[in-house]
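Subject: Structure handover

Hello,

Here is the structure, followed by notes on what came out of it. Please keep it open while you read.

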Amino acid sequence: MESAHGGVVFGGTFDRLHNGHKLLLSESCLRAQRRIVCGVTSDLYIDNKRSKILPELVQSEIVRIQCVDKFITLIKPQLERLVVPIDDPFGPSITDTDLQAIVVSDETRSGGEKVNSVRLTRNLNELSLYTISLLSDHPNNVDEAPSNDAPNKCSSSDNRKLLLGQLLKHPLTNRNAAINKPYVIGLTGGMGSGKSSVAQRLAGLGAHLIDCDRLGHCTYENDSDVYYKILEQFGASIVDDDGAINRRALGKLVFNDKSKLDQLTNLVWPEIGRLAEREIQIVGDVNNMKVCILDAAVLLEAGWDNFVDEIWVVVAPVEEMLKRICERDSDLSLANARQRLSNQMSNRQRIARADVVLSTLWSYNETQEQVERAWNLLIKRINKSSQ
């Protein structure tokens, strides 16, 4: 080691520590004689910045901080450690007076230079700047808005993309051994996520598709018990001349008023759940289908995940979802679309409960590859469990 320093600082997101991260951490530890300081990008900063690919799949800041701290302890346990979340690009690097060096990757060297510029304006010492190159953990075969200047660099974004279609955790299922019961996938996602497109792709691969929106239409039919309860709750202004409930008019009435939306869902969701469970049973008894997809935007909110075996979540960036919503409904303003999304669970909330995650952000073919990967792994799991 050509030079060592009393205090060394470095920073990053450190999502699912890969070899590039470990190289940066190791270099920082080796250059530090006494003290090491690490700024870990906070959850809040990631959400606000909106520049990362699949930010909802980034590990929580608590987990990332623990992983960094554990690795430093393993490499050089005698060091004094300060590993903290940061809500800006600099963190303690521009305020800590007990630092002598900063370690950066070749892609973040300009950030290290900016740290020194800010420190000088604050009459703090300039830090010795050390740069390392990060090599790839795996061949760059992931088609992500690619970086033309660094095709072989370690990438947490690439690693997150590799998680799509994979089983993230073992499902907590109460599945019984009934031979005729199909394996039920609860498929969910927000408005504009591309969930319905994924559902159709899965149906094309051989699954039986239960569309909860279609079941919802059944609950609104004239003369049903729910029909009269809705009229009693919301009045005759939502009824067309033929007596049918105008769902568009009803939607405008409830989507911007959470209390009214809750009143409606309390009437409709239990009935949809009952119809879904009945269809699942029929599919198993009559058609002997192996896999059933329960396509439901409100799968988790309504509690229908209680009768599925796995939860699959479809996501897209919020701005992309808003764009799709407005393109689909030209009469809907961007503000109203944003309000409707805010009334739903967020991508991050859904992913926290997901067994499998899919994203429709990229090309048709890439989405299809994700779906087929997820499907093939599912069939392997089902066949293995039946042996």
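Ile293 is buried, with a relative accessible area of 0%; buried means under 20% relative accessible area, exposed over 50% and partly exposed in between, with a 1.4 Å probe and protein chains only. The model is predicted, so local features need pLDDT of at least 70 and side-chain atom pairs count only at pLDDT 80 or more, while totals for chains, interfaces and linings use all residues. Residues are numbered from 1 along each chain as its sequence is written, and side-chain values use heavy atoms, with hydrogens and water left out.

Ile293 belongs to strand S8. Helices (H or I, at least four residues) and strands (E, at least two) are DSSP runs, numbered from the N terminus. Not counting residues up to four places away in sequence, Ile293 touches Ile185, Leu187, Leu202, Ala207, His208, Leu209 and Ile210; contact means heavy atoms within 4.5 Å. Between the C-alpha atoms of Ile293 and Arg122, which are 171 residues apart along the chain, there are 59 Å.

The sheets

S8 is part of an open sheet of five strands in the order S7-S8-S6-S9-S10, with parallel pairing. Strand S7 (208-211) and strand S10 (356-359) are at the edges with a single partner strand each, so one side of each is left without a neighbour in the sheet. From one strand to the next the twist averages 25°. Axes are lines fitted to C-alpha atoms, for helices over the stretch in contact, and angles run from 0 to 180 degrees between N-to-C directions. Strand S6 (residues 183-188) pairs with S9 in the parallel sense over four bridges; two strands pair if DSSP finds at least two bridges between them. Ile185 has Glu310 in S9 as its bridge partner.

Two helices pack on this sheet. Helix H6 (residues 195-204) touches S6, S7, S8, S9 and S10, and its direction makes about 155° with that of S6. Helix H14 (residues 364-385) touches S6, S8, S9 and S10, and its direction makes about 160° with that of S10.

Another open sheet of five strands has the order S3-S2-S1-S4-S5, with parallel pairing. Here strand S3 (80-86) and strand S5 (128-132) stand at the edges, each with a single partner strand, so one side of each has no neighbour in the sheet. The twist averages 20° from one strand to the next. Strand S1 (residues 5-12) and strand S2 (residues 32-41) run parallel and are joined by seven bridges, and the bridge partner of Gly12 in S2 is Val40. Helix H4 (residues 109-121) lies across strand S4 (101-105) and S5, at about 155° to S4.

The cores

A nonpolar core is a set of buried Ala, Val, Leu, Ile, Met, Phe, Trp, Tyr and Cys residues joined through side-chain atoms within 4.5 Å. The largest has 40 residues, of which Ile230, Leu250, Leu264, Leu294, Leu299 and Trp304 touch the most other members. At least two residues of this core come from each of helix H7 (212-219), helix H8 (225-234), helix H9 (247-254), helix H10 (258-287), strand S8 (291-295) and strand S9 (310-315). H10 gives the most, with seven residues. Apart from this core lies another, of 21 residues, among them Phe10, Leu25, Phe71 and Leu79.

Rings

Rings of Phe, Tyr and Trp (its six-membered ring) pair if their centres lie within 6.5 Å; planes under 30 degrees apart count as stacked, over 60 as edge-to-face and the rest as tilted. There are three aromatic pairs by this rule. One of them is Phe10 with Phe14, edge-to-face at 5.9 Å centre to centre and 90° between the planes. Both Phe10 and Phe14 are buried. The ring centres of Tyr227 and Tyr228 are 5.2 Å apart and the planes are at 85°, so this pair is edge-to-face. Tyr227 is buried, with a relative accessible area of 7%, whereas Tyr228 is partly exposed, at 44%.

Helix H5

Helix H5 (residues 156-163) is mostly covered, with six of its eight residues buried. These buried residues pack against helix H1 (19-31) and H14. Ser156, in H5, has a relative accessible area of 15% and touches Asp15, His18 and His21, not counting residues up to four places away in sequence. Just after H5, Gly165 takes a positive phi of about 85°.

Regards
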